[in-house]
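Subject: Structure handover

Dear colleague,

Here is the structure I said I would pass on. My notes follow below it.

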Amino acid sequence: MSEFWLISAPGEKTCQQTWDTLNNVTSKQNNLSINYKFHIPDLKVGTLDQLVGLSDDLGKLDGFVEQVTRKVAQYLGEVLEDQRDKLQENLLANNCGLSEYVIRFQWDLAKYPVKQSLRNIADIISKQVGQIDADLKTKSAAYNNLKGNLQSLEKRQTGSLMTRNLADLVKKEHFILDSEYLTTLLVIVPRNSFNDWNQGYEKLTDMVVPRSSQLVFQDNENGLFTVTLFKKVVDEFKLHAREKKFNVRDFTYNEEELAAGKNQITKLATDKKKQFGPLVRWLKVNFSECFCAWIHVKALRVFVESVLRYGLPVNFQAMLLQPNKKQAKKLRDVLNQLYGHLDGGSVQGSSGPHDTMDIPGLGFGQSEYYPYVYYHITVDMVEVKSL
């Protein structure tokens, strides 16, 4: 399962005792969840006022970092295109699966030194993820533009004769070139009108070269015909052709321009291929960075909230619960029975949250409140929609 409950409870005589109590009633006796200790280092507490302000800001930061993490994952899926089924195996955190990273979470002392204040650590994460978000916008815009141009050109290589590029369908010998008086036009004729065209094109105007029309290409709907006529009657010919539902396509045979068009597609396809590898690597690396930063924000929130709830000196046990399928409600009941006394006993035996409060800064509207510190983690970065 990809769902975790990150909770904390005050240390009893020892934090180990807190862990043993929880593990006995939820895992060993009732098989409600699989539990893991969640390791948070000794962080600098600061003042109570600082913690209250930080609690609100960490709520915002949590939402922001999760949003960016999901954006990077989603865009990696888009870039992989027909290899999208390989997305999950590319979403790793520190070279391991997301659930495994959360379960084995170790604070990154090099990136987030514990000697720094909590506010500074939050700022480091905010700047780091903000930069990734900005870079993602730049990189995705450039790649999408390249992809869009290529798709547009490729679309013109196929599709209806009314819109597609005709350069690949015609040859030099289909045209009268370098003539002072004559020119060759390309005309799109519906398939059910081929007879009308063959019998009537010479009469659409004067000065059409007899028997000059040739069927060059046909698809399910239309045929592409050439016709040669005097340049001075082109406009009149186009007018009469349109009246008969024959569509004259604007086209000039120019070998250099046609070669340049083909080269452009080749160049764009090559550019896209060149950018694909580095972009996928960047997305994988920065997904890992964002995800790891997000779990560090969760750790910060647990620490700050535990100190605010349970007081000083710092004495609490953070625990990661992986609820078993269909046992979430029962697990919640057991936790409320176990920790209801932390809130003056008002929720003891209650099956739901004792109160619903609007926690400032979270930006998610109503947020559930429990007598113990609780945060939800979903590591499925693909199915769950971005916040």
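I will start with the cysteines. The sulfur of Cys 290 lies 9.4 Å from the closest cysteine sulfur, which belongs to Cys 292, and that is too far for a bond; a disulfide here is a pair of cysteine sulfur atoms within 2.5 Å. Cys 290 has a relative accessibility of 0% and counts as buried. For burial, the classes are buried under 20% relative accessible area, exposed over 50%, and partly exposed in between, with a 1.4 Å probe and protein chains only. Cys 96 is also buried, at 17% relative accessibility. A search of the whole structure finds zero disulfides. Cys 96 is therefore in none, and its nearest cysteine sulfur, that of Cys 292, is 7.7 Å away.

Before the rest, the terms of use. This is a predicted model, in which local features need pLDDT of at least 70 and side-chain atom pairs count only at pLDDT 80 or more, while totals for chains, interfaces and linings use all residues. Residues are numbered from 1 along each chain as its sequence is written, and side-chain values use heavy atoms, with hydrogens and water left out.

Overall form

The protein has nine helices and 10 strands. These are DSSP runs numbered from the N terminus, with helices being H or I of at least four residues and strands E of at least two. The radius of gyration is 34 Å, well over the 21 Å that the globule rule gives for 387 residues, so the protein is more spread out than a compact globule. That radius is taken over C-alpha atoms, and the rule is 2.2 Å times the number of residues to the power 0.38. Along the principal axes, the C-alpha atoms fill a box of roughly 105 × 40 × 35 Å.

Of the 387 residues, 44% count as buried. The protein exposes about 20,600 Å², with carbon and sulfur atoms supplying 48% of that area; accessible areas come from the Shrake-Rupley method with a 1.4 Å probe, and for residues only the protein chains shown count as cover. Among contacts with a separation of 6 or more, 77% are between residues 24 or more positions apart, where contact means heavy atoms within 4.5 Å.

There are 48 positive and 46 negative charges, and their mean positions are 3 Å apart. Lys and Arg count as positive and Asp and Glu as negative, with His and the chain ends not counted. Each charge is placed at NZ of Lys, CZ of Arg, CG of Asp or CD of Glu.

Backbone points

Leu 312 and Pro 313 are joined by a cis peptide bond, with omega about -5°. Pro 313 sits in the loop between helix 8 (255-310) and strand 7 (316-323).

Asp 178 has a positive phi, near 60°, and is not a glycine. It is found in the loop between helix 5 (118-157) and strand 3 (182-190), and counts as exposed at 84% relative accessibility. Lys 245 likewise has a positive phi, near 70°. Lys 245 lies in the loop between helix 7 (234-243) and strand 6 (247-249) and is exposed, at 64% relative accessibility.

Leu 224 is in strand 5 (residues 222-230) and is buried, with a relative accessible area of 0%. Beyond its neighbours within four places in sequence, Leu 224 is in contact with residues including Leu 161, Leu 166, Leu 169, Val 170, Ile 188 and Phe 217. Leu 224 and Val 379 are 155 residues apart in sequence and 55 Å apart in space, C-alpha to C-alpha.

Thr 184, in strand 3, is buried as well, with a relative accessible area of 6%. Not counting residues up to four places away in sequence, Thr 184 touches His 174, Phe 175, Ile 176, Thr 226, Val 227 and Thr 228.

Val 25 is in helix 1 (residues 15-28). Leaving aside neighbours within four places in sequence, Val 25 contacts Asn 30, Leu 32, Val 334 and Leu 338. Val 25 and Gln 218 are 193 residues apart in sequence and 75 Å apart in space, C-alpha to C-alpha.

Regards
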